[in-house]
Amino acid sequence: MNSASVISTDEAPLLAVRGVTKIFPGVRALDGVDFTLRRGEIHALMGENGAGKSTLIKVLTGADRRDGGEILFDGCSIDPRSPAEAQRLGISTVYQEVNLIPFLSVAENIYLGRQPMKFGRIDWKQINLRAAAALKRLDVEMEVTQPLNSYSPAVQQMVAIARALDIRAKVLVLDEPTSSLDANEVGHLFAVLRRLKAEGLGIIFVSHFLDQVYAVSDRFTVLRNGKLIGEHEAAKLPRLELVAKMIGKDLKAVEEMSARRGAEPVRTAHHPFLRVIGLGRRGSMTPFDLTIRAGEVVGLAGLLGSGRTETARLLFGIDRAEAGRMEIDGKLVTLTSPRGAIGRRFGFCPEDRKTQAVIPDLSVRENIVLALQASKGWLRKISTQQQQELAENYIKALGIATSDAEQPIKLLSGGNQQKAILARWLASHPRFLILDEPTRGIDIGAKAEIEKLIARLCSEGMAILFISSELEEVVRDSHRVVVLRDRKKVCELTGDQIDLPSIMQAIAARADE
Amino acid sequence: MSERLSTLMPARLRPLIWPLIALAALLLFNGLFTEGFARITIKDGHVYGSLVDILKLSSRVMLVSLGMTLVIATAGVDLSVGAVVAIAGSVAAKLIVQQQIGLPMALAATSGLCLVLGAWNGTLVGWLGVQPIVATLILMVAGRGIAQLLAGGQIITVESSGFSFIAGGHFLGLPFPVTMVALMLLLTVALTRGTALGLFIEAVGNNETAALFAGVNPRAVKMFAYAFTGLCSGMAGIIEASDIKAADANNAGLYLELDVILAVVIGGTPLNGGRFDLAGSLVGALIIQTLTTTIKMRGVPVEYTLVVKAVVVLVICLAQSPELRKLLLQRRASA
Amino acid sequence: MKFRLSRTRVPLLATSAVFALFYTGACMRYDGFFSWTVFVNLLHDNAFLGLAAIGMTFVILAGGIDLSVGALVGFTSTFIARLIAHQLHPLPAILIALVIGTGFGAGMGALIRFAALPPFLVTLAGMFFMRGLGFAVSLETIPIKHPFYEAISEFSLRVFPVTALLFLVALIAAVYVAHYTPFGRAVYAIGGNEQSALLMALPVGRAKVRVYALSGFCSALAGVTYTFYTSSGNATAGTMLELDAIAAVVIGGTLLSGGVGYVFGTLIGVLILGVIQTIITFEGTLSSWWTKIAIGLLLLGFILLQRFLQSSAGRGGLGVANPAMARP
């Protein structure tokens with residue numbers, strides 16, 4: 001190393017991101033973000049959806065290229081163009097979904113692409129020996145010649161880390177490494193991370209589990225909407241403050257906030273429309289109870305990854321529940337498919353509008369009538385004239401901005417697409433509507449309209465499950481709020497209890513509290 | 001220019017514009033430069049000539065392309081249509097010659113069987129989730145063997161004036177297969193646009209998850225598309241057998257799947273599913289046949305037909321490839 | 001060492017069992033089936049199928065498909081015969097044919113890589129193209145008369161069939177490439193999970209082009225073998241060969257979605273097809289179409305076995321269990 005040009009005191013950061021900007025069409029995914037990683041520390045990158053965590057990681061690991069700013073690695077400016085280049089520099093990444101080849105052997109997965117050769121052929125003996133040694137460094141002993149997919153996700157995660165480390169990594173990026181691990185496995189992983197930290201590695205850790213983040217990290221960097229909110233030492237930042245920063249609230253203001261929601265009290269008089277008891281599924285949601293009455297909005301609050309979408313998928317029959325039962329109007333039902341749920345007059349606006357809701361090439365009209373038509377069956381076609389009337393009505397009622405109903409929906413803005421998907425469900429007259437982040441990524445005006453619509457629908461007697469990461473919306477619009485943390489229902493707030501501080505307390509509480 | 005031109009057309013016809021221009025250009029070229037191409041004679045009240053021949057010769061591809069369009073719209077493909085054509089020929093011939101059960105019964109039984117064969121593909125793709133290419137490959141391989149088994153390895157000749165009318169007869173002055181295509185087109189349009197099936201097919205092909213979440217049953221939709229393609233292939237098989245007054249299990253429907261896929265792609269239905277255009281597929285079939293006839297009439301060795309088809313399909317697919325466009329734009333931007 | 005039955009080996013074991021069953025069954029039923037000559041003839045008769053299937057194995061392992069192999073065999077055979085008829089020595093003729101085959105495969109690979117067109121479509125067009133070129137070279141069978149070919153058939157008769165020799169040598173080379181070169185391992189990785197392969201910094205694009213080039217080379221070599229086998233060239237040679245090759249690969253235990261399989265399995269797959277053919281010849285009363293039906297049934301069995309193994313591996317909700325969700 002050229003020691004003259006590098007100030008090599010121990011204080012010099014291993015990785016310094018200075019004012020990095022990344023622009024995607026229509027969004028500043030990163031806006032002048034600073035980030036500093038020291039040698040021998042575990043640094044958690046925190047933020048809600050759209051905060052810019054994954055974009056920052058992509059820029060660091062060469063998957064995306066930055067549009068501005070500077071990245072200093074060991075004091076030298078770098079600009080990795082591909083994951084391969086970043087790896088060569090010493091920045092290795094382990095992704096949430098294990099990005100290895102499931103059918104190939106454990107050893108091969110560690111050395112794929114940089115196999116040791118002997119006499120013009122791959123030296124398998126070396127590979128197996130070295131792989132076993134690399135895993136031993138992580139306290140894992142296993143048969144390295146077995147295919148990767150014969151092992152549990154936790155072990156696969158370790159193999160991924162072994163691969164990342166074997167490329168002589170100085171920086172290890174772990175993107176949600178714990179989402180499919182149980183408590184023991186997380187404990188083992190953390191023990192390994194602490195040892196690697198002691199060896200001088202810099203580790204960037206992304207996780208939605210606050211307990212874990214506090215358990216293992218030295219410092220936090222909080223991002224929100226592509227901007228840096230702040231850098232803090234873990235020991236000096238109370239949980240509640242961290243949550244406040246992540247969701248973009250000033251803690252003092254929140255604490256002083258006494259304004260409760262103005263909605264009428266819970267309508268216990270209404271009979272419960274839906275009751276689930278102990279509904280759950282391994283790896284998705286710990287069994288939970290939930291009751292929703294007709295004419296009631298139940299808000300679902302929690303951080304990203306807390307189990308909000310998983311709850312919606314279980315209720316709508318997309319994922320089959322492994323435990324528990326479900327009652328509608330007091331009668332036991334089993335849902336095995338979305339069709340079954342729709343048959344019970346459920347509706348579901350999924351969070352991922354693009355891949356799960358919108359049929360891009362079809363017209364606004366066709367997208368609106370689809371669910372109603374599907375419930376009627378193929379033979380009872382809604383006449384073109386009726387379709388047009390339906391579409392026109394909803395376009396007017398919801399204020400969908402489109403030149404006409406025959407426009408392909410992909411040409412509409414996000415907010416208008418969302419309204420069209422809402423219209424799809426309203427047209428099918430559901431008794432129970434699940435709205436998963438209906439206000440994400442749409443402009444303020446459209447947001448307000450959707451909130452108004454929710455209030456109107458529930459006053460007409462519809463039961464609504466409202467999921468949003470905008471806690472204020474949840475507070476404003478819900479009669480009851482269910483708080484989720486780490487795939488568990490942690491509490492339920494009603495009436496006067498519903499306010500921002502209580503929800504944040506519940507989200508930020510420790511698991512053992 | 002194409003933009004301006006397309007605004008002059010009704011919205012329904014807009015996607016058809018390029019295939020129609022291509023067909024018109026081909027016909028115009030032939031009309032001007034190929035001797036005898038445009039000549040049409042009327043004999044005994046029947047119309048004869050190259051143009052009529054093109055209609056008649058492309059009838060098989062047109063029929064099967066109706067079904068294939070639906071399959072491709074669900075983001076699938078059916079490679080077994082040629083084998084089903086061979087089976088249909090053998091079954092129909094055998095029933096007529098050996099069972100003596102009467103023509104209408106024989107044709108109905110044949111069509112029914114082919115519907116079942118299509119449903120078999122639909123089961124593999126829809127219910128068992130096998131990739132379409134793989135699933136239909138099974139019937140493509142085994143189907144021809146079954147056809148040969150049924151025919152006992154022989155070419156079964158059929159002496160039946162009723163049977164030969166199917167391909168050789170005339171209706172309203174035009175060859176009878178043209179009537180069959182017209183009827184099947186009407187049936188397909190009625191089934192897909194007269195009911196909600198067309199909407200479901202396009203929804204499943206364009207975004208299967210979203211369709212599923214909206215309550216559409218993708219399995220049933222796929223089942224319909226493959227079964228219907230089986231039926232279409234069966235009718236094409238009957239025409240082919242009627243045309244040569246025999247069932248030739250070795251050669252019937254050979255390479256038909258390629259022409260049909262080509263017709264659908266030329267017709268503007270994208271291979272990755274979604275919006276489909278039945279009329280476009282028919283125009284595509286006509287383009288292919290016109291091309292073949294042109295090559296033949298202009299004295300170009302027939303063997304080049306295959307080469308020309310290959311080049312045509314590649315050019316069309318390349319023109320549709322967004323990745324290539326992106327790549328070329330990048331080049332231009334960096335240059 | 002403890003042997004654990006891994007899911008990737010189940011199809012291979014099933015294939016071996018099927019072959020053993022067919023072979024011993026045939027040996028017990030027919031006199032003279034269990035002989036060196038019959039076995040060597042098995043290799044001799046199926047050498048060009050085997051060569052095409054070796055190329056196909058790599059393509060399928062990488063998650064693709066190549067429908068042009070049969071047409072390439074036809075073109076190569078007639079092209080070589082034509083060159084020899086024009087007084088060119090067979091060796092340069094063969095060399096030129098191999099170069100054309102490889103280049104053609106690489107061209108298709110480039111289209112698949114850069115234009116991101118579906119492999120089945122590109123190779124379908126390639127099939128048309130090559131079949132057409134073959135017919136353009138000659139519509140008739142061209143007999144080959146040359147001392148070189150006479151020497152080869154002499155050697156085949158007295159020592160060991162050159163066709164079978166070529167097949168076995170290619171097989172060994174293919175095993176080496178598949179298991180002992182970084183390229184071979186990259187092929188497995190791409191078929192296993194292309195996205196991961198990219199993130200693992202493997203040369204995905206380059207490997208894709210190379211895999212089709214390799215298949216083109218193997219098909220051209222199969223065409224060469226065909227000329228040795230028949231001492232002639234014919235543009236219709238290898239009609240529907242692609243189907244048999246795909247069947248051999250799948251029956252040989254290679255996962256059609258890619259990533260899992262062995263070149264050795266393909267050998268067994270080819271031998272199974274060959275044994276079925278031979279049984280039908282020995283049986284005398286059975287007709288040739290039973291071959292196709294039997295292959296179809298085997299294909300069905302193995303595809304269902306693969307489906308079963310896959311779904312038992314990936315248990316999950318609707319979004320996971322139904323592979324139809326994943327776009328092709």
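How many residue pairs are in polar contact across the interface of domain 2 of chain A and domain 3 of chain A? The rule finds two such pairs, both at pLDDT 80 or more, a polar contact being a pair of N or O atoms within 3.5 Å, where within protein one must be able to donate a hydrogen and the other to accept it, and residues adjacent in sequence count only if both atoms are side-chain atoms. This is a predicted model, in which local features need pLDDT of at least 70 and side-chain atom pairs count only at pLDDT 80 or more, while totals for chains, interfaces and linings use all residues. Residues are numbered from 1 along each chain as its sequence is written, chains are lettered from A and ligands numbered from 1 in the order in which they are written, and side-chain values use heavy atoms, with hydrogens and water left out.

**Domains of chain A**

- The domain assignment, with bounds from an automatic or database source, divides chain A into domain 1 (15-254), domain 2 (266-272 + 281-309 + 328-346 + 442-452 + 470-513) and domain 3 (357-430).
- Domain 2 of chain A and domain 3 of chain A have C-alpha centres 27 Å apart, and their contact (heavy atoms within 4.5 Å) takes seven residues from domain 2 of chain A and 10 residues from domain 3 of chain A.
- About 680 Å² is buried between these two domains, with carbon and sulfur atoms giving 68%; buried area is the accessible area (1.4 Å probe) that two parts lose on being put together, summed over both.
- On the side of domain 2 of chain A, Ile342(A), Arg345(A) and Ile450(A) lose the most area to domain 3 of chain A, together 53% of what that side buries.
- One salt bridge is counted between the two domains, the term standing for a side-chain nitrogen of Lys or Arg within 4 Å of a carboxyl oxygen of Asp or Glu.
- Lys419(A) and Glu449(A) form a salt bridge in which the closest N and O atoms are 3.2 Å apart.

**Chain C against chain B**

- In this interface, 43 residues of chain C are in contact with 52 residues of chain B, and about 4,300 Å² is buried between the two chains, of which carbon and sulfur atoms give 80%.
- The count between chain C and chain B is zero salt bridges, together with one residue pair in polar contact, both at pLDDT 80 or more.
- The elements giving two or more residues to the side of chain C that touches chain B are α5 (90-114), α6 (119-137), α12 (241-251) and α14 (289-313) of chain C, helices being DSSP runs (H or I, at least four residues) numbered from the N terminus.
- The largest share of that side, 12 residues, comes from α6(C).

**Chain C against chain A**

- The contact takes 28 residues from chain C and 36 residues from chain A, and the area buried between them is about 2,500 Å², with 59% from carbon and sulfur atoms.
- One salt bridge is counted between chain C and chain A, and the side chains of Arg185(C) and Glu108(A) meet in a salt bridge at 2.4 Å, N to O.
- Across this interface the rule finds seven residue pairs in polar contact, both residues at pLDDT 80 or more.

**A residue of chain B**

- Ser281(B), found in helix α14 (residues 278-297) of chain B, is buried, with a relative accessible area of 0%, where buried means under 20% (1.4 Å probe, protein chains only).
- Leaving aside neighbours within four places in sequence, Ser281(B) is in contact with Ser65(B), Thr69(B), Ala263(B), Val264(B), Gly267(B) and Thr269(B).

Note on methods:
Buried < 20%, exposed > 50% of the residue type's maximum accessible area, 1.4 Å probe, protein only.
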